Every structure is written in structure tokens, then in C-alpha cells.
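Open the model in your viewer and keep the selection tool at hand. We will go from stop to stop, picking residues as we go.

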Amino acid sequence: MLHEAHHRQVRSFVRREGRTTAAQLRALDSCLPRFEIAAAGPLNFDLVFGRRAPLYLEIGSGNGECTKAFAERYPENNYLAIEVHRPGLGHLLNLAIDAKLTNLRVALRDVYTVLPQLAPESVTGIYVFFPDPWPKTRHQKRRLLQNQFFAELRTILHRHGRLYLATDSASYAAHLDELIPNLNDWENLSGTGLHAPRLKARPPTKFETRGLAAQHLIRDYVLARRAHPTAAEASNLFTSANLNAARS
Ligand SMILES: C[S@@+](CC[C@H](N)C(=O)[O-])C[C@H]1O[C@@H](n2cnc3c(N)ncnc32)[C@H](O)[C@@H]1O
């Protein structure tokens with residue numbers, strides 16, 4: 001596929017393993033198989049979780065503070081954390097085990113390999129918090145939040161779903177403020193160029209804390225899919241409007 005070919009050359013991450021603690025290694029060795037989704041093929045989350053419940057994704061979950069907090073606070077939802085950074089995912093697995101979470105699964109790989117496994121309109125909410133900012137002009141093509149990525153997210157998001165973003169990078173926010181109004185399929189629920197209030201349940205993450213220490217302003221966004229009626233729906237609307245007009 002075109003996006004895969006493009007993505008193989010331009011990745012949104014650099015695999016820096018950093019230090020993996022003994023506890024993270026233990027969690028990865030012993031618990032990853034229990035939490036990890038299948039590496040290929042379409043995913044049926046009713047079977048994966050053994051129940052039907054709204055599905056939420058966190059993309060680039062880092063150390064997993066947000067996914068863990070949401071999964072614990074909203075046991076009625078299912079959560080999938082997607083992250084390429086092994087120590088971060090090991091950290092989340094430890095949080096999940098301590099909190100005895102049963103409504104969490106993970107994918108330790110590039111989100112671009114996970115999205116094609118998800119059925120259209122199967123996801124209720126998507127979180128992308130503090131994506132790598134790639135501030136240098138020559139690196140900005142690596143930013144995750146680009147036209148193509150929004151198009152892929154729209155396909156899997158339920159028509160009443162929401163996409164939640166946050167960044168502490170002024171340059172990323174400027175990029176989003178320019179990009180979002182030009183996305184025909186998405187609507188910024190706060191209005192063009194405006195930012196959303198912080199989600200109450202969103203805990204500070206490692207990267208947010210770092211941004212705040214550097215006195216960066218945090219900007220949140222909430223986007224919805226813009227509704228485009230199909231030709232059939234549009235003609236039905238038209239017909240019922242005519243009928244109503246004729247009746248009145
Ligand atoms: C700046 S960190 C923020 C992590 C976390 N959300 C936080 O606020 O602390 C961005 C994360 O996105 C992950 N990431 C970037 N591109 C990714 C991709 N294509 N697939 C999965 N994870 C990705 C990186 O590994 C990194 O951990």
C-alpha cells in the first residue's frame with residue numbers, strides 16, 4: 001500500500017531502547033504474551049477481550065500513565081495501547097498488573113502496522129498525547145499527525161467517536177492549527193484554531209511533566225469526524241424535508 005511504502009522510509013520514531021529496568025524486563029518476558037494482540041490479520045475485539053465494550057486506543061502511550069488511568073477509571077471500556085518503545089511498554093505492563101486490569105491489551109509495534117487490523121468504525125476514542133515533536137524543519141515530515149494519518153484514523157473511528165490530542169510543542173501546535181481546518185473529514189470541536197480544555201481524567205505523563213518544567217504551554221484538541229451524508233442519505237433527507245414542507 002502507498003502509505004506503507006511511504007512510511008517505511010519516513011518513520012515517526014527512532015528506536016532508542018534506553019535503559020530497561022529489571023522489573024520492566026520481567027513484565028515484558030512474562031506478561032507481554034498475555035496482553036499482546038495478534039501480530040497480523042483482522043482483530044475481533046469481542047473475542048480478544050471476551051466481551052463487547054467501547055474500544056479506545058492510545059497511540060504512542062510512552063510509559064502508559066494515561067492508558068492505565070483511563071482503563072482503571074472506566075472499567076466498562078476496552079483499551080489498546082500502541083507503543084514501539086519496549087521499556088515504556090514494560091512500565092505499562094507493570095502498572096496494569098499492579099492495578100489488576102483486565103480491560104487492556106497492547107501492541108509493541110509501529111501503529112501503522114496495527115491500523116489495518118482494525119475494522120472500520122470500530123473505535124470509540126483515540127488518544128495521541130505528546131507525539132514526538134520533530135522540531136527541526138528537515139525532520140517535520142516524521143511527525144505522526146499528518147494528512148495520511150488522519151485519513152487512516154477516520155476510517156477506524158466510529159461516526160460518533162472522538163480523537164483527543166495534546167502537545168507541549170508550540171511548533172507542533174502551529175502545524176495542527178494550520179492542518180486541521182484543511183481536513184475535510186474532521187472538525188475541531190473547539191472551533192478553528194482554538195484549543196480544548198484538558199480532559200479531567202488525563203494524568204500528567206513523563207513528557208508533559210518535562211514540557212511543563214521547560215515552561216511549555218500545553219494545548220489539547222478534541223476532534224470529531226465530520227459527517228458527510230451518502231448520496232442515498234442526502235436524497236432521503238431531501239425527500240423528508242419536502243414531505244414535511246408539504247405537510248405543514
Ligand atoms: C514524546 S513520546 C510521548 C509518550 C507519552 N504519550 C507521554 O506523554 O509521555 C511519543 C511516543 O510515541 C511513540 N511513537 C512514535 N511513533 C510511533 C509509532 N509510529 N507507533 C507507535 N508508537 C510511536 C514513541 O516511541 C514515544 O514513546
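Select the ligand and the residues around it. This is a predicted model. The shell around the ligand has 22 residues, and Gly60, Gly62, Phe130, Thr205 and Phe207 come nearest. Color the shell by residue type.

Which helix supplies the largest share of the shell? Select α9, residues 206-213. Helix α9 gives three residues, the largest share.

Next stop: the nonpolar core. Select Leu57, Val106, Ile126 and Tyr127. The largest nonpolar core has 47 residues, and these four touch the most other members. Then select strand β4, residues 123-129. Strand β4 gives the most to this core, with five residues. In soluble globular proteins, nonpolar side chains tend to be buried together.

Stay with valine 106 for a moment. Look past its neighbours within four places in sequence. Beyond them, valine 106 is in contact with Phe35, Glu36, Ala81, Leu89 and Leu92.

Leucine 92 sits in helix α5, residues 86-98. Is leucine 92 buried or exposed? Count the other C-beta atoms within 10 Å of leucine 92: there are 28. A residue counts as buried at 20 or more, so leucine 92 is buried.

Now show what leucine 92 touches, leaving out residues up to four places away in sequence. The list is Ser61, Asn63, Gly64, Thr67, Lys68, Ala81 and Val106. Pick glycine 64 from that list and draw a distance to leucine 92. The two are 28 residues apart in sequence, yet their C-alpha atoms are 4.7 Å apart in space.

Zoom out to the whole protein chain. Switch to a cartoon view. The chain has 10 helices and seven strands. Its C-alpha atoms fill a box of roughly 75 × 45 × 40 Å along the principal axes. For 248 residues, a compact globule would have a radius of gyration near 18 Å; the protein chain has 20 Å, which agrees. Buried residues make up 33% of the 248.

One last view: contacts across the chain. Take contacts between residues at least 6 apart in sequence. Of these, 79% join residues at least 24 apart. The contact between leucine 92 and glycine 64 spans 28 residues in sequence.

Notes:
Residues are numbered from 1 along each chain as its sequence is written. This is a predicted model: local features need pLDDT of at least 70, side-chain atom pairs count only at pLDDT 80 or more; totals for chains, interfaces and linings use all residues. Helices (H or I, at least four residues) and strands (E, at least two) are DSSP runs, numbered from the N terminus. The radius of gyration is taken over C-alpha atoms; the globule rule is 2.2 Å times the number of residues to the power 0.38. A residue is buried if 20 or more other C-beta atoms lie within 10 Å of its own, exposed if 12 or fewer, and partly exposed in between; C-beta atoms are placed from the backbone. Two residues are in contact if their C-beta atoms, placed from the backbone, lie within 7 Å. A nonpolar core is a set of buried Ala, Val, Leu, Ile, Met, Phe, Trp, Tyr and Cys residues joined through C-beta atoms within 7 Å. A residue is near a molecule or strand if its C-beta atom, placed from the backbone, lies within 6 Å of it.
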